[in-house]
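Okay, everyone, let's get the model up on the screen.

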Amino acid sequence: MQASTKLKIWLGLLVATVLILVSLKSILLPFVAGMGIAYLLDPVCDKLESWGCSRTLATSIVTAIFALIVILLLLLLVPLVLEELLSFFSSLPDFLASLEARLVPYYETLRQRFDLPAAAELTTMAKDRLGGALSWLGEAIAGVVNQGLALANLLSLIFITSVVTFYLLHDWDHMVARVDHLLPRDHAETIRIQAREMDRRLAGFVRGQSTVCIVLGTFYATALVLVGLPFGLVIGLSAGMLTFIPYVGAMTGLVLALSVALAKFDSWLDIGLVVGVFILGQALEGNFLTPRLVGGRVGLHPVWIIFALLAGGTLFGFVGLLLAVPTAALIGVLVRFAVGSYLSSHLYLGQNKTEALPPKDETENGVV
């Protein structure tokens, strides 16, 4: 079979797979979540197997402990978060009035100096934008809920995810071996090398970035509650969980926290403490957490990560957000392999390969 024919077959299979996934995106969430959890927990099962446990026993132990941790977190955090959210939305009009009263005198001084629009006009515009943002947030939450309830309800989603996780975790090594057996024999070793590279980068990023999000969410929430910021728990957790989007988590948390602080605090010292929490959090993330836990394992520039998240969300909704960065990391490995092959080919070098230099991995500098 000619190389061009093989290429057409593989491209056809890729397009067909993407089309199928797009058409089934409303039911993918429990399977994607189950696969992600199984991928994260597989090393733990492998460790228990090395200690003499059977795969079934190891899977049962790991799944039970993970489910218990998730249930305890939900029981502890969900009531607190819901209470703060309800309190936040109920006090939103008073909050906006306090913020307006605090900021308008400063704005009037700037308006007279720089000929800016009237404060009332800006207030109306801000309320319209806030209403639009809240409407978008409501639609986004409704979309996530609708995806989760496509088959039955939230409880069935949790049940299906648990079942999918257990069976994928139990059969993970068998599935990997089966896929390896199906690889084209002429290119099996090359594919294995790229698959190992994908696994190295993906595992390092997913586990490292998850740890960063949890640590920062805990830090922001605890610190904001300690400085007395109203709704500090929700703001801190949200900022931490959004950290996987470069700069978005810290900026969103800072804007929300600073707005609440300006409306609720009379002392500039208290406001400064709120700002200091996010400065300290960014220093902790940039100098310690991300370099040690994530490093350059993904090799993606922040702009590409943001693009991947937007593209994934547009194509697949909430599921696309979950898959965006891992998929981008896998594509990055393939792109690097393709660039390396091109730089060592006659297409790039012509007939004189002796002038070739070893291809430089630009991704380590965040180019691809």
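Start at Tyr220: skipping neighbours within four places in sequence, Tyr220 is in contact (heavy atoms within 4.5 Å) with Gly236, Ala239, Gly240, Ala250, Val277, Phe278, Gly281 and Gln282. Quick caution: this is a predicted model, where local features need pLDDT of at least 70, side-chain atom pairs count only at pLDDT 80 or more, and totals for chains, interfaces and linings use all residues. Residues are numbered from 1 along each chain as its sequence is written, and side-chain values use heavy atoms, with hydrogens and water left out.

So which residues touch the most other members of the largest nonpolar core? They're Tyr220, Leu224, Leu229, Ile235 and Val274, out of 24 residues in that core. A nonpolar core here is a set of buried Ala, Val, Leu, Ile, Met, Phe, Trp, Tyr and Cys residues joined through side-chain atoms within 4.5 Å, and buried means under 20% relative accessible area, exposed over 50%, partly exposed in between (1.4 Å probe, protein chains only). Helices are DSSP runs of H or I, at least four residues, numbered from the N terminus.

There's also a second, separate core of 23 residues, including Ala58 and Val325.

Now over to helix α3, where we find Thr59. Thr59 is buried, at a relative accessible area of 0%, and its side chain reaches the backbone oxygen of Arg55 at 2.8 Å. Ile61 is in α3 too, residues 55-90, but Ile61 is partly exposed, at 33%.

How values were computed: Helix = DSSP H or I, 4+ residues; strand = E, 2+ residues; numbered from the N terminus. Polar contact = N/O pair within 3.5 Å; in protein donor to acceptor, adjacent residues only side chain to side chain.
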